[in-house]
Amino acid sequence: MIDSLVERVWPGGVDAVEPLGGGITNRNFKVSAGGEAFVLRIGGKDTELLGIDRRVEHEASLAAAALGIGPEVVAFVEPEGYLVTRFVEGEVGRVTAAEAAWLLRRLHGSPPIPGRFDAFRVVEEYAATARRHGVALPPGFASAKATADRIEQRRGPVELRPCHNDLLAANFVHGGERVWIVDWEYAGMGDPAFDLANFAVNNGLGEAGDDALLEAYGGGDPAVHVLIRFMSDFREAMWGLVQQGIAELDFDFAAYAEEHFARLEATAADRRFRAALA
């Protein structure tokens, strides 16, 4: 499959094709051709069930490239929806809170993009999808959902801004003089507080790190930040449940879901969270 796909995108031939590790949804390949390097991303099976729209991802990737915070988009392979971007050299996973805050401030202040991401609706949709694919919801789901409902009420209406919504450490590439954000498949209009909390959780920030992130970003409600950290893990846990029912990759999605359910329970027990929710 990969050979025929590469031939479609680069009919003049390529110098080398090598798989890139790290992904647990898609398959990524580094393609060298004509002295240049590219990333060819092949979407995983049934990823629309994870809320991914490949056309939205393409548009978000184009917008990120125009802002100078994402790699150049080279091609969009139809009808499959595979994406080709320029390969950026750098250290994967290296980013400071200040660097992330600058990137997110630039993203959140940019023009609207297609797509919508609402963590509160996402966990509901994931629950329904998991059930349809024979995956039982864990005992902790009901309590987590009740807590999420309280957080949504506490958060209230928000002004929607362009958001990335999947700020794992692996989605940052530090090129020395600049940092890139990659993997825009969950991007859409959403709550900037989710991006900030999602970054904080996925990059291991504690209380001091949270404060530094919000200060570098230019402000934010610390109580809301703590509450949305819970939603970041809830989304991730439910994502793991859905993947148990649909994924074909060799990865322990059950353990992944369990890890995030344990983490959100720890968050809910934290004094900062209890005070913010009260």
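Okay, housekeeping. Since the model is predicted, local features need pLDDT of at least 70 and side-chain atom pairs count only at pLDDT 80 or more, while totals for chains, interfaces and linings use all residues. Numbering starts from 1 along each chain as its sequence is written, and side-chain values use heavy atoms, with hydrogens and water left out.

Let's start with helices α3 (residues 97-108) and α7 (residues 207-217), which pack at about 45° with their axes 8 Å apart. Helices here are DSSP runs of H or I, at least four residues, strands are runs of E, at least two, and both are numbered from the N terminus. Axes are lines fitted to C-alpha atoms, for helices over the stretch in contact, and angles go from 0 to 180 degrees between N-to-C directions. So α3 and α7 are oblique to each other; under 35 degrees would be roughly parallel, over 145 roughly antiparallel, 65 to 115 roughly perpendicular, and the rest is oblique. Their crossing is right-handed, meaning the near helix is turned clockwise from the far one by less than a right angle, with anticlockwise being left-handed.

Who's touching whom? From α3 we have Ala 97, Ala 98, Ala 101, Leu 104, Arg 105 and His 108, and from α7, Leu 213, Ala 216 and Tyr 217. Contact means heavy atoms within 4.5 Å. By class, that's seven nonpolar, one polar and one charged. For the classes, Ala, Val, Leu, Ile, Met, Phe, Trp, Tyr, Cys and Pro are nonpolar, Asp, Glu, Lys and Arg are charged, and the others, Gly among them, are polar.

Staying on α7: Gly 209, Asp 210, Leu 213, Leu 214 and Tyr 217 are buried. They cover an arc of only 130° around the axis, so they sit on the same side of α7; that arc is taken from the directions from the helix axis to the C-beta atoms. Buried is under 20% relative accessible area, exposed is over 50%, and partly exposed is in between, with a 1.4 Å probe and protein chains only. On the other side of α7, Ala 208 and Glu 215 are exposed. The buried residues of α7 pack against α3, α6 (192-202), α8 and α10 (271-277). Just after α7, Gly 218 has a positive phi of about 110°.

Next pair: α4 (residues 119-132) and α5 (residues 141-155), at about 155° with axes 10 Å apart. They're therefore roughly antiparallel, and this crossing is left-handed. Phe 120, Arg 121, Glu 124, Ala 127 and Arg 131 of α4 meet Phe 141, Lys 145, Ala 148, Ile 151 and Glu 152 of α5. That contact splits into five nonpolar, no polar and five charged residues.

Most residues other than glycine have a negative phi, and most peptide bonds are trans. Here, Glu 78 and Pro 79 are joined by a cis peptide bond, omega about 5°, and Pro 79 is in the loop between β4 (73-77) and β5 (82-86). Asn 165 has a positive phi of about 75°; it's in the loop between β7 (161-163) and β8 (172-174), and buried at 0% relative accessible area. Asp 183 has a phi near 65°, in the loop between β9 (179-181) and β10 (188-190), and counts as buried at 17%.

Last one: Glu 236 lies in α8 (residues 222-246). Buried or exposed? Buried, with a relative accessible area of 4%. Leaving out residues up to four places away in sequence, Glu 236 touches Asp 166, Tyr 256 and His 260.
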